[in-house]
Amino acid sequence: MEKIDTPIFIASKTEFRTSVENIIQENEVHGVKRKTPGFTFDRLFAAEELCLDYDITVLPPSKYLLPTPESLLKFSSAPKLRVRSGAEVKPSIILGIHPYDLHALKLLDAVFIGDLVDVNYRARRSATAIIGVDCLNPWPYSFAASMGTALPPAIFDIWLTDLGDEYLIEVDSGRGDGLVKRYLKTRSASEIQIKQRAKLREDSLSRYQLSLNVSPREITELLDKTWNSPLWEELGQKCFSCGSCTMVCPTCVCFDVRDKMELNRKEGERYRHWDSCMFEGFAKVASGETACTERASICSSAGENWVVSVVDDVCMPAWLILPAQYTSITVWPRRLNSGRQYRTSKLPLSAHAGGTYPSRTSLSKRKTVTTPIKGW
Ligand code: SF4
């Protein structure tokens, strides 16, 4: 993304709405819509559908960058073998992303366009403009402020702050600049308006009702110390392994790859679809063995998978950077519409951090099937 000096503009809400209408006419725009109950990211066809004062969406906007199912390649075997890319990438705009979801996107970037590049993700990412908005009235179960994810990382094209009758508009890329010039009627923001944004953001941080009493950088060590914690057993007793928590998680990177053949046996497609480390079969290998056979071990492995693999690499707290509704420890009343709620303030995490539970000594304690494989 081409970076520019960050100009800051002002547009009245009436002007902004007209601009959104024009953007929608000429582009594929996915924004936040009211849903009953809650809010959802969906294709916008009219500016009046857009809702920017929401608290949380049912699914995160990462669904547009990692769609499911997603065609990877198509092939035909006659008259001779032909393979072509199955990916369909169209330029689009995500409008209304919140800061914590943008932090999650940063984690996905680290996984999919880091050392190893996923070409489909990279193509979609570079074809997608991000227009975000400050979350000034956080969801009551969110603890993003204590994880440092309540304010946006600088990977957006345009960022909005609701000043009442106007939006403060920060532009952070050449693409964002192009969108503002083409569609928005703006004027430069004054010092007072920029200070007003700082005050609104500060006030919003004090509105978070929950916090985690652990620094993001300590989470890896914390999970390492709690490998044998009875908490996993307790969660395993209650978990159905339904995978809903991972399906709504904006940092989930799990997928399964499958091939399907047409009935003519000459053409086929390779596609991937979302998978979940909470599924019993997730760790199963072709020979039938699995690393996780009990739900408690699935829960603890899921925690480790999410946090250790991602946090270690990019120094960000994966599931715990997110609002409480994304975590499997905190079961979301709205996102899942089921389950009991564990308020984060009641979690014994700080007790674990103090070493109350025995340390994990080795991954070999993980329950594994050791049946010899015939013929190997
Ligand atoms: S923690 Fe809850 S949402 Fe996640 S797999 Fe278990 S039952 Fe499903």
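Reader: Hi! What's the strand order in the open sheet of 4 strands?
Author: Hello! The order is S5-S4-S12-S11, and the pairing is antiparallel. Strands here are DSSP runs of E with at least two residues, helices are runs of H or I with at least four, and both are numbered from the N terminus. Two strands pair if DSSP finds at least two bridges between them. This is a predicted model, where local features need pLDDT of at least 70, side-chain atom pairs count only at pLDDT 80 or more, and totals for chains, interfaces and linings use all residues. Residues are numbered from 1 along each chain as its sequence is written.

Reader: Which strands stand at the edges there?
Author: Strand S5 (82-85) and strand S11 (255-261) do, each with a single partner strand, so one side of each is left without a neighbour in the sheet.

Reader: And how many bridges between S4 and S12?
Author: There are 6 bridges, joining S4 (residues 70-76) to S12 (residues 267-274) in the antiparallel sense. Lys74 has Glu269 in S12 as its bridge partner.

Reader: Switching over: what order does the open sheet of 8 strands have?
Author: That one runs S3-S2-S6-S7-S8-S9-S1-S10, with mixed pairing. Strand S3 (39-43) and strand S10 (187-188) are its edges; each has a single partner strand, so one side of each lacks a neighbour in the sheet. Within this sheet, S1 (residues 8-12) and S9 run antiparallel, joined by 5 bridges, and Phe9 stands opposite Ile169 in S9.

Reader: Nice. Which residues touch the most other members of the largest nonpolar core?
Author: Ile93, Leu95, Ile130, Ile131, Ala144, Ile158 and Ile169, out of 56 residues in that core. A nonpolar core is a set of buried Ala, Val, Leu, Ile, Met, Phe, Trp, Tyr and Cys residues joined through C-beta atoms within 7 Å. Buried means that 20 or more other C-beta atoms lie within 10 Å of a residue's own; exposed is 12 or fewer, partly exposed is in between, and C-beta atoms are placed from the backbone.

Reader: Which element gives the largest share of this core?
Author: H2, with 6 residues. Domain 1 (8-205) and domain 2 (216-365) both give residues to the core, so it lies between them. Those domain bounds come from an automatic or database domain assignment.

Reader: Which residues of H2 are buried?
Author: Pro99, Tyr100, Asp101, Leu102, His103, Ala104, Leu105, Leu107 and Leu108.

Reader: And how much of the whole protein counts as buried?
Author: That comes to 36% of its 376 residues.
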